[in-house]
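Hi,

Here is the structure I promised to pass on.

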Amino acid sequence: NALLEKINADDNLGTADEATQAYSAPKKWVEAVNLYEGTVTVNFDADITLPEAVKYPVIQVEPRGYSIDDFNALKMTFFKDQNLYGLGERPKEYLEELILQKKRWINDPNSNFNTTNMTEDQYQSALQERLDEINQLEAEYQTAPTWDEIEPIAMNEEILRMGPVLAFQTIAEPAENSIPALYICATEEYNYRNNFIEIQTYLSQNVDTSNWESDETGFLTPPPAKKSEQEVKREAQDIIDALGIADMTIFSCNLDPATKSEFTVVYTKVYRGISVNYADNDICADGSALYSFPWREERIEMKFSDDGLLSFIWISPSSETAVLNENVGLLDFAEIQSIARSQLSNLFKWGQDDVQEAYATEKRVIIDEIRLGFMRVSIPNQSDEYMLIPVWDFYGDCALIVPPEDVGKTQFLTNENGEGEFWIHYSEQDYSLLTINAIDGSMIDRSLGY
C-alpha cells in the first residue's frame with residue numbers, strides 16, 4: 001500500500017518538525033465555478049474548520065466491545081435505579097397499556113390512522129389488521145406475568161458478548177407503564193458492523209399529538225421546534241458528561257429539514273485534539289474485500305424534540321493501538337484548493353442519475369463547510385485494524401433544477417422562482433461531496449474506505 005509506505009517512511013515524506021506551528025488556512029472560501037457551459041454551478045461559500053492541534057499524527061485503531069462500566073454508566077444515566085427485564089416476556093401492565101393505546105389509535109378521529117387518505121376498501125383492510133393485532137395482544141395478556149413475577153436481568157460480560165449477530169434486548173421497569181427500551185447488539189471477533197447500544201426513550205414511543213396539524217396529504221405533522229440549537233447542544237453535552245465520556249465532541253447538530261421538529265446531534269471521537277470527521281455517505285463495504293468496513297465508524301447519535309431526548313445510540317467504540325507517525329506532513333491549503341477545483345467537473349457531470357436528471361436543465365451545488373479532521377481508512381489484509389489519517393471533507397448539497405414549464409412532469413418541489421427543485425442529499429445534512437487525503441492529495445471514496 002503506497003500510502004502506508006509513505007506514512008512509515010518519515011524521510012521520504014518529510015515529516016513535520018515537532019516545533020511546527022499550527023496548520024494555516026483561511027477562515028472561509030468564497031468562489032463560484034461554472035461548468036458545462038454554465039449548466040452546472042458550484043458555489044463555495046464555506047467556513048473552514050481546523051482542529052486545535054499542532055501535530056497531525058497517523059494513528060492505528062481497532063474496535064472494542066462494550067464493558068460493564070459502559071453499561072453501568074448508561075443504566076445509571078437513563079434508568080437510574082430501575083431494574084432491567086428481558087423483552088421476551090411482556091408483563092400484563094405493559095400489554096394493557098399497549099392494547100389501550102392501539103384502541104385509542106383506531107378511535108381517535110385525529111390520529112394518523114383516521115386522517116390518512118385511503119379508499120374505503122383500504123381503510124377496512126387496515127382496520128382489520130389493527131383489530132387482529134389487538135386480539136393477539138389480548139390473548140397474550142391472558143397468560144402474561146405481572147411485573148412482580150418477572151426476574152430482573154443482572155448484566156455481566158457474558159451477556160454483553162453474546163455473539164456476532166445476536167441482538168439482545170431489554171426493557172426498563174416503567175413509570176406509569178411507559179417502557180423505555182435498551183437494545184444491545186454486542187459482537188465479538190469479526191462482525192463488528194452490528195456493534196451498538198441503543199436507547200429508545202418513553203417519549204419516542206408515546207408522542208403527544210394533540211397539537212399536531214394535518215398536512216395536505218392528511219398525515220399529522222408536529223409543529224416546528226421551539227428549542228434553539230444551543231439548548232439542544234447543552235442537553236446533549238449534559239448526557240455525555242453524565243456518562244463520563246471525555247474523548248468525544250459534537251460534530252454536528254442538525255434540525256430535520258422535513259419536519260423541522262427534531263434535532264439530531266452527532267458526537268465523534270477525538271484523538272490527540274483532532275476529531276474524526278463524520279459523513280452520512282460512509283457505507284459498510286463487503287467484509288471479504290481487501291479494503292473493508294466490518295465495523296462502523298465510532299459515533300454517538302442523539303435525537304431531541306421539544307419534549308426531550310427521543311433516542312440515543314452509541315455505535316462501534318474503538319481504541320487507539322499504535323501511532324504510525326507522530327506528525328505527518330500536510331499539503332498546503334492552496335494545493336488542496338487546486339485539487340478540489342480539478343475534481344469538480346467529474347463530481348458533478350451530467351448523466352449520473354438519468355431518472356432524476358431527465359427534465360433538469362441546471363445543477364446548483366453549494367459547498368458550505370470544509371473540515372480538516374481524521375478519517376478511518378482500511379489497512380490492507382487487516383479486517384479489524386484501521387488507521388486514522390488527516391483528510392479534508394467538503395460538505396454541501398446538490399440541487400437539480402427544472403424550468404417552470406416542465407415542473408408538472410416531475411415530482412420536484414417548486415421554489416420561489418417557480419422552478420422545480422430536487423435536493424439530492426437534502427436529508428443527509430452531513431454528506432461529504434468530496435474527501436481529499438491531506439497528506440498526498442489523493443481522492444478518497446468514503447463508500448470504499450480508501
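This is a predicted model: local features need pLDDT of at least 70, side-chain atom pairs count only at pLDDT 80 or more; totals for chains, interfaces and linings use all residues.

First, the strands. β1 covers residues 28-35 and β2 covers residues 40-49, and the two run antiparallel, joined by eight bridges. If you want a place to start looking at the pairing, go to Glu-31, whose bridge partner in β2 is Phe-44.

Next, the helices. I looked at two packed pairs, and in each case the question was how the axes are set against each other.

Take α4 (residues 92-107) and α6 (residues 120-143): their axes come within 10 Å and the crossing angle is roughly 160°. Angles over 145 degrees count as roughly antiparallel, so that is the label for α4 and α6. As for hand, α4 and α6 cross in the left-handed sense.

The other pair is α3 (residues 68-78) with α9 (residues 229-243). Here the axes lie 9 Å apart, and the helices pack at an angle of about 130°. That value makes α3 and α9 oblique to each other. The crossing of α3 past α9 is right-handed.

Which residues line the largest cavity? The lining is made up of Val-61, Lys-269, Tyr-271, Val-276, Trp-295, Glu-297, Glu-298, Ser-318, Arg-376 and Leu-388. Sorted by class, five of the lining residues are nonpolar, four are charged and one is polar. Lys-269, Glu-297, Glu-298 and Arg-376 are the charged ones, while Ser-318 is the polar one.

That's everything from my side for now.

Cheers

How values were computed:
Residues are numbered from 1 along each chain as its sequence is written. Side-chain values use heavy atoms; hydrogens and water are left out. Two strands pair if DSSP finds at least two bridges between them. Helices (H or I, at least four residues) and strands (E, at least two) are DSSP runs, numbered from the N terminus. On a 1 Å grid over the protein atoms alone, a cavity is a set of points where a 1.4 Å probe fits but cannot get out, and a pocket is an open set with protein on both sides within 12 Å along at least five of seven lines; lining residues have an atom within 4 Å of a point. Axes are lines fitted to C-alpha atoms, for helices over the stretch in contact, and angles run from 0 to 180 degrees between N-to-C directions. Angles under 35 degrees count as roughly parallel, over 145 as roughly antiparallel, 65 to 115 as roughly perpendicular and the rest as oblique. A crossing is left-handed if the near helix is turned anticlockwise from the far one by less than a right angle, and right-handed if clockwise.
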